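Please keep the sequence and the structure in view while reading.

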Amino acid sequence: MSVQNSAIPEKRHMGLKASRTLANTTIYVVLIVISVVWLIPFVCILLQSFRVESTYQVGYVMPQQWGLDNYRNLFQTDFPRWYVNTFIAALVTAILQTVIVLCMSYTLSRFRFKMRKPLMSFMLILGMFPGMLSMIILYRVLSDLGLTQANAVPGLILVYVASSGMGYYVSKGFFDTIPKSLDEAARVDGATRFQVLKKIILPLSKPIVIYTVLTAFMGPWGDYVFARYISFGTSSGMNAAVGLYNWLNKDQIASRYTMFCAGGVLVAIPVAVLFMCLQKYYVEGVTGGAVKG
């Protein structure tokens with residue numbers, strides 16, 4: 001009887017183990033299928049960028065003749081200028097936005113002042129409204145300042161940075177997890193608020209700093225809608241997304257489709273490399289900032 005009773009838990013354990021294995025296998029299979037479906041368009045663009053037997057759209061994916069002609073021809077167009085415009089806008093925005101977000105987050109996390117909570121709620125609610133609602137007035141303001149078309153890059157930077165403070169929520173949540181006793185000890189030793197932020201808080205907040213830099217960089221790097229809205233008609237003021245999209249119109253797609261694919265690959269490389277190298281800190285920043293609000 002005792003042998004039979006001891007066999008029951010063992011069978012139950014084996015059953016649970018088999019169920020867990022089946023569930024994990026199913027999850028992995030689903031994830032692999034989703035990954036393949038998600039990667040197919042990128043693989044097609046990559047393969048088309050090396051096709052040199054023709055420059056227009058074709059009905060097959062694998063090139064018949066391989067080469068780097070499309071990449072070389074890119075540098076005979078305005079693409080380098082678009083690429084530089086995109087990089088300048090993304091880099092300057094990443095720096096300024098990171099400074100503003102971290103300062104705002106530190107202030108809201110560590111200071112207690114009148115109207116603090118209503119201000120946080122107001123910024124959170126205001127950030128829920130789509131930016132497209134303000135596109136017309138923003139264009140009018142930028143046009144009056146001379147920051148459209150050829151001067152669209154400074155205008156884009158101004159718009160990207162203007163509302164940075166409203167993105168405080170994740171960073172503030174991360175700062176809330178750092179004990180305030182560290183601030184108090186530094187203040188007793190004579191440190192200023194800025195020194196506390198620079199020498200104590202930021203070194204302990206590497207994941208959220210990298211998360212903020214990445215998100216601030218990726219936004220302008222891939223922006224198309226607003227960039228096209230204010231840089232239309234002038235090639236020198238376009239970013240890479242707007243310039244490449246213009247090659248898909250009916251007058252140019254036959255001669256520049258493969259160059260468009262090559263340009264798309266070059267635009268995707270920096271963000272992909274950054275994300276792959278800093279993925280660990282990106283995940284830690286998101287999860288750490290979600291702990292406490």
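Contact here means heavy atoms within 4.5 Å, and helices are DSSP runs (H or I, at least four residues) numbered from the N terminus. The model is predicted, so that local features need pLDDT of at least 70 and side-chain atom pairs count only at pLDDT 80 or more, while totals for chains, interfaces and linings use all residues. Residues are numbered from 1 along each chain as its sequence is written, and side-chain values use heavy atoms, with hydrogens and water left out.

**Helices H3 and H7**

- Val101, Leu102, Ser105, Tyr106, Leu108, Ser109 and Arg110 of H3 meet Ser171, Lys172, Phe175 and Asp176 of H7.
- By class, this contact of H3 with H7 has five nonpolar, three polar and three charged residues, where Asp, Glu, Lys and Arg count as charged, Ala, Val, Leu, Ile, Met, Phe, Trp, Tyr, Cys and Pro as nonpolar, and the others, Gly among them, as polar.

**Arg51**

- Arg51 lies in the loop between helix H1 (2–49) and helix H2 (69–74), and it counts as buried because its relative accessibility is 0% (buried means under 20% relative accessible area, with a 1.4 Å probe and protein chains only).
- Beyond its neighbours within four places in sequence, Arg51 is in contact with residues including Tyr60, Pro63, Asn70, Tyr257 and Thr258.
- The side chain of Arg51 reaches the backbone oxygen of Tyr56 at 2.8 Å.
- Although Arg51 and Cys261 are 210 residues apart in sequence, their C-alpha atoms are 9.8 Å apart in space.

Methods. Helix = DSSP H or I, 4+ residues; strand = E, 2+ residues; numbered from the N terminus. Buried < 20%, exposed > 50% of the residue type's maximum accessible area, 1.4 Å probe, protein only. Polar contact = N/O pair within 3.5 Å; in protein donor to acceptor, adjacent residues only side chain to side chain.
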